Amino acid sequence: MRVMAQLAMVMNLDKCIGCHTCSVTCKQTWTNRAGVEYVWFNNVETRPGQGYPRRYEDQEQWRGGWTLDRKGRLKPRSGGRARRMFTLFSNPLLPSIQDYYEPWTYDYATLTSAPLGDDFPVARPHSLISGEPMKVEWSANWDDDLGGGPDLARRDPVVERISDAVRLDFERAFMFYLPRICEHCLNPTCMAACPSGAIYKREEDGIVLVDQDACRGWRMCVTGCPYKKIYFNHRTGKAEKCTFCYPRVEVGLPTVCSETCVGRLRYIGVLLYDQDRVTEAASVEDDRDLYAAQLDVFLDPDDPAVRERARRDGVPDAWVEAARRSPVHALISKYQVALPLHPEYRTLPMVWYVPPLSPVVEALRDSGHDGEDAGNLFGAIETLRIPVEYLAELFTAGDTEPVTAVLRRLAAMRSYMRDVTLGDPADPGKAAAVGLTETEMGEMYRLLALAKYDERYVIPTQAAAEAAALEETACSVPGSGGLDGAAPVSGPFGEASGPPPTPTAENFHALKDRQTSGALTRPQDRRGRVNLLNWDGKGSPDGLFPGRDGDGR
Amino acid sequence: MSLLLWVAFPYVALASLVGGTVWRYRYDRFGWTTRSSELYEKRLLRVASPLFHYGLLFVIGGHALGLLIPEQWTSLVGSETTYHAVSLYAGTAAGLAAGAGLVLLVYRRRRTGPVFAATTRNDKVMYLLLGGALLLGIGVTTIENGLLGGYDYRQTVSPWFRGIFLLDPRPELMEGAPLLYRFHVVLGFALIALFPFTRLIHAFAVPVKYPFRPYIVYRRRTGTAPATRAARRGWEPVSRD
Ligand code: SF4
Ligand code: SF4
């Protein structure tokens with residue numbers, strides 16, 4: 001077992017109103033530059049719908065994510081190492097700008113500079129790619145709110161996977177919004193596909209980043225990522241992706257998309273996981289077992305064994321503490337109401353979703369039933385095949401069972417809380433029916449419905465992590481080599497060669513030497529040096545004075 | 001003149017290659033890319049790029065064979081006629097593939113609006129040099145070696161070329177070489193000199209480590225304070241518009 005910590009996100013889809021505030025604020029923060037005009041690190045899709053880039057979920061076409069080879073080992077669907085090396089010179093699997101959309105602006109100047117005439121001057125759209133006037137025909141959310149009619153939505157790859165009967169029926173059935181950012185996967189294909197090794201996962205918080213200095217513009221990551229959440233900047237020739245707003249989370253602030261979310265539906269917190277079991281979990285044979293396998297990789301921060309192990313593996317105490325209070329851990333592992341997006345891509349995504357109950361409630365209401373009655377809801381979850389199957393295709397590789405279980409929990413909570421709010425006696429049976437105690441029900445309700453800012457975002461700072469590290473080393477550790485190839489401060493043969501020993505270790509050795517040997521230690525032997533703060537003033541401990549014979553021992 | 005062209009110039013070009021690459025590595029790793037235009041157009045690129053690159057790889061391999069390996073060595077494994085036939089046919093094929101690829105690529109660059117808009121003056125100079133060197137290369141192979149019966153450049157050009165690296169330049173060897181050869185060599189070295197300052201630098205990004213590294217890469221945060229990094233030495237680009 002090797003314990004690692006990661007910042008993860010959960011989004012409660014029931015609360016998303018599709019306002020795109022998150023997308024806009026994210027864009028203004030990160031992608032308001034030339035070369036990434038078409039890029040939305042955060043985008044909100046209407047489901048059913050084709051998504052952005054168009055039909056990105058169709059992995060038959062785009063070949064993102066992993067598959068298992070004949071021996072059952074993981075291999076990027078777009079090809080392993082050898083294949084990639086031989087096809088470096090061309091990457092036909094890269095979506096073209098039309099698959100995203102051609103970004104445009106308007107020639108606003110004509111509004112003021114047009115000569116006097118009978119007609120009102122019009123600002124015409126111009127492409128930001130070619131500069132030519134263009135006809136706007138697609139965008140990142142062209143089919144927003146099912147715009148463009150059922151014909152567009154029918155081409156949703158998820159809809160295509162459900163049966164024909166469903167396909168004809170779905171537009172009457174439901175609609176919801178799906179905000180998406182990079183999943184900061186545990187087993188990312190973008191990284192696996194990068195020939196330059198420029199994409200890396202940070203050990204401290206699991207954020208997946210692109211080293212802009214190491215990226216050589218091969219574009220293989222774009223193909224590799226099944227979520228198409230890594231983008232090519234066509235001006236700089238480098239890949240860019242969602243950064244989980246690392247400059248913000250490092251100081252304890254939530255990401256911009258979370259901070260500005262109108263529905264307050266995003267949760268950020270620490271998850272502990274076992275790094276040794278990641279590959280194993282990603283390679284379970286049946287797609288439908290991936291959800292359970294990933295749940296299994298997560299560790300329980302309340303388990304003393306895990307905490308002990310975490311300390312040994314260098315996870316700062318502040319982070320383990322944060323993991324205990326983590327809303328993400330609660331929603332994913334404790335209440336099990338959050339599900340991963342497309343686990344069948346085998347990347348072990350780390351942005352999870354509480355599936356929406358609203359399609360079911362609305363369908364009930366439309367048919368004149370009480371949408372808050374537990375019995376009605378449970379019945380509807382069983383009978384309304386379409387939304388459930390659709391959600392299952394999104395979140396559990398088509399297995400309706402976990403989705404149904406989550407929806408039942410949400411439905412039970414809804415009806416239980418209605419009793420409470422209306423002053424009726426609370427019914428413990430409703431909680432028990434979905435395997436929760438009444439306290440748990442209350443807590444889950446609080447987390448999903450009321451949670452305040454500091455309950456939704458439990459983000460330990462890097463400063464806390466660093467403070468702990470500094471305590472140990474008592475001085476800042478110069479990088480050994482470092483990214484920029486900067487020479488380490490002390491050379492391989494210098495006095496401070498190698499990382500300095502930690503004060504605790506130093507003290508331990510000094511005290512041990514003192515108790516076990518009567519001889520002086522050599523002053524040049526740093527381990528034998530005496531920390532005067534620890535000297536009790538009695539006797540003259542080893543190493544306090546240099547040896548007489550130049551050897552000392 | 002002979003000294004200038006066949007001794008000074010190659011050394012200057014090589015120095016520029018090495019120095020330029022080091023400089024680029026120190027100060028402009030961010031610019032180390034070809035600025036792919038696949039996003040704009042990919043149908044033509046799909047054919048042209050592999051054609052050009054694989055053609056060029058064979059061309060480079062051919063150069064290594066012809067220039068670096070002394071004649072005595074190859075004569076150990078095969079006759080001079082075999083070598084000649086290989087160099088003529090394989091060389092022509094590789095050259096034509098690379099040439100056709102380049103023509104397609106340049107055509108695409110000119111005709112696709114966004115791709116042309118993304119072409120810098122630096123690129124244009126580079127294409128001119130590359131195209132020229134390639135054309136002359138195909139020229140020497142087909143004309144001098146093919147139509148005119150065969151010129152044994154391994155008596156003159158190759159030893160001269162090796163002499164440069166052995167620090168024993170012998171400019172007189174180049175005096176006798178046909179004009180086409182001499183032009184080809186000059187253009188070739190001009191290309192080498194400019195290499196690190198153009199997008200050609202991407203050739204030094206060959207991902208040699210990729211087949212051997214694990215798929216998943218972990219890295220520690222660098223820097224001691226959150227989200228900052230020490231200013232780099234030298235100047236940093238402010239904007240790339
Ligand atoms: S979702 Fe993010 S981390 Fe996962 S493969 Fe895509 S870009 Fe990489
Ligand atoms: S800001 Fe929140 S509510 Fe609005 S679209 Fe984004 S996720 Fe949904």
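Begin with the two domains of chain A: between domain 1 of chain A and domain 2 of chain A, 23 residue pairs are in polar contact, both residues at pLDDT 80 or more. A polar contact is a pair of N or O atoms within 3.5 Å; within protein, one must be able to donate a hydrogen and the other to accept it, and residues adjacent in sequence count only if both atoms are side-chain atoms. The model is predicted: local features need pLDDT of at least 70, side-chain atom pairs count only at pLDDT 80 or more, and totals for chains, interfaces and linings use all residues. Residues are numbered from 1 along each chain as its sequence is written, chains are lettered from A and ligands numbered from 1 in the order in which they are written, and side-chain values use heavy atoms, with hydrogens and water left out.

Select residues 13-249 of chain A for domain 1 and 256-456 for domain 2; these bounds come from an automatic or database domain assignment. In contact (heavy atoms within 4.5 Å) are 54 residues of domain 1 and 50 residues of domain 2.

Next, show the side chains of A:Glu259 and A:Arg248, which form a salt bridge at 2.9 Å, N to O. The term means a side-chain nitrogen of Lys or Arg within 4 Å of a carboxyl oxygen of Asp or Glu. Two salt bridges are counted between the domains.

Now select ligand 2. The shell around ligand 2 has 14 residues, the closest being A:Cys16, A:Cys19, A:His20, A:Cys22 and A:Cys261; a residue is near a molecule if one of its heavy atoms lies within 4 Å of it. Why does ligand 2 lie between domain 1 and domain 2 of chain A? Both domains give residues to the shell around ligand 2, so ligand 2 lies between them.

Move to ligand 1. Among the residues around ligand 1 are A:Cys182, A:His184, A:Cys185, A:Cys190 and A:Cys225.

Finally, colour chain A and chain B separately. The contact takes 64 residues from chain A and 40 residues from chain B. About 5,100 Å² is buried between the two chains, with 56% of that area given by carbon and sulfur atoms. Buried area is the accessible area (1.4 Å probe) that two parts lose on being put together, summed over both. Five salt bridges cross the interface of chain A and chain B. To see one of the salt bridges, select B:Arg219 and A:Asp211, whose side chains meet at 3.1 Å, N to O.
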